[in-house]
Amino acid sequence: ILCNLQKFKNAQSITLDGRRVELCANIGNPDEIENALLNGAEGIGLMRSEFLYMNASSFPTEEQQFTIYKSMLERMQGKRVVVRTLDFGADKHVDYFELPKEANPALGYRAIRICLSQKDIFGPQIRALLRASVYGKLAIMFPMVISVDEVREIKAFVQEQKQQLIEAGIAVSDSLELGVMIETPAAALISDQLAQEVDFFSIGTNDLTQYTLAVDRMNEKIGHLFNTSHPAVLQLINLTIQNAHKNGIWVGICGEAAADTLLTPHFLSMGIDELSVSVPSILPVREVVCKLDLSQFQG
Ligand code: PEP
Ligand code: MG
């Protein structure tokens, strides 16, 4: 199978009737970059930045983060790298940062909520990313957003950090993109307004499914209820894609559903621009895309 898939390595991800989709890699560690490229990744669609914090005994400094982001961008040689800012809380913890005990951690103090209330954690990551932006094609995305106000606060903070760097004589790329993850029903429902604030969306179907269906993604006892193909979830995905395009921005999917080849024709007919999947799924998804004829597909 692997051998047959190799012929798709340098192929474009384009359907028989000519619809193109960008096929990118989800990675949790920069060590995976070479393998992603070997498997035909057109970019990194989700770099989970938690590894920087997990493999440390204290918060990584701006300098340490800068070195790693710079190296990642250089190794990707101009292909886009979407770095997601720190997504702690719920299932993700480190020893040196004590989170409050909460009755509902998945609905609690996590991700962008931590970053916006603790700028001493957010600041070094944003500055490191801004400084690295001139070494390749960087996009920064923010997890767990629920409101336009949050996005405006994020943008103002990024702008302020950028201004400070520029005043200190440090270059920041003009083509840096800022985007949000659509992984709460709230974000999907107000995606028309959010799309006016950002350069792109990436739909996090893992959390979007959890919050739409009220099914804990970690709870095996109700694992059979965790269904990304549920019409409620698919409607929110479709709405997000239409609102992105109405406002002229691109939209991808980076949750596990992006690798579900039964859903590929649905996502493509909704108009998805990018699918980001784990490295071993890139070529199998590309093969399905290349054999698809959307004009023959009835969802
Ligand atoms: C998601 O929620 O779909 C997602 C991609 O993020 P994570 O799985 O890291 O929460
Ligand atoms: Mg998520």
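Let's start at Asn206. Setting aside residues up to four places away in sequence, Asn206 touches Arg217, Gly255 and Glu256. One caution before going on: this is a predicted model.

Where does Asn206 sit? It is in helix 10. Asn206 counts as partly exposed, because 16 C-beta neighbours fall inside 10 Å, and that class lies between 12 or fewer for exposed and 20 or more for buried.

Now the annotation. An unreviewed UniProt entry marks Arg48, Arg84, Asn206, Asp207 and Arg217 as "binding site". Take Arg48 next. Arg48 lies in strand 2. Arg48 is partly exposed, since it has 18 other C-beta atoms within 10 Å. Leave aside neighbours within four places in sequence, and Arg48 is in contact with Gly28, Arg84 and Asp87.

Glu183 is in a loop, between strand 5 (177-182) and helix 8 (185-189). Asp207 is in helix 10. Buried or exposed, for Glu183? Buried, because 27 other C-beta atoms lie within 10 Å. Asp207 is buried as well, so counted for its 22 C-beta neighbours inside 10 Å.

Contacts next, again not counting residues up to four places away in sequence. Glu183 touches Pro143, Met144, Gly204, Asp207 and Leu208. Asp207 touches Glu183 and Thr184.

On to ligand 1. Which residues are around it? Leu46, Arg48, Asp87, Glu183, Gly204, Thr205, Asn206, Asp207, Cys254 and Gly255. Arg48, Asn206, Glu183 and Asp207 are back again. Strand 2 (44-48) and helix 10 (205-213) each supply at least two residues of this shell. Helix 10 gives the largest share, 3 residues. By class, the shell has 2 nonpolar, 4 polar and 4 charged residues.

Last item: a helix pair. The axes of helix 4 (residues 62-75) and helix 6 (residues 119-132) come within 8 Å and cross at roughly 35°. The crossing is right-handed. On the helix 4 side, the contact residues are Glu62, Gln65, Phe66, Tyr69, Lys70 and Leu73. On the helix 6 side, they are Pro124, Gln125, Arg127, Ala128, Leu129, Arg131 and Ala132. Sorted by class, that contact has 7 nonpolar, 2 polar and 4 charged residues.

That's the tour. Questions welcome.

Technical notes
Residues numbered from 1 in each chain as written. Chains lettered and ligands numbered in written order. Predicted model: local features only at pLDDT ≥ 70, side-chain atom pairs only at ≥ 80, totals over all residues. Axes fitted to C-alpha atoms, helices over the stretch in contact; angles between N-to-C directions. Helix = DSSP H or I, 4+ residues; strand = E, 2+ residues; numbered from the N terminus. Left-handed = near helix turned anticlockwise from the far one by under 90°. Contact = placed C-beta atoms within 7 Å. Nonpolar A, V, L, I, M, F, W, Y, C, P; charged D, E, K, R; others polar. Near = placed C-beta within 6 Å. UniProt positions renumbered as here; feature names shortened; annotations may be inferred.
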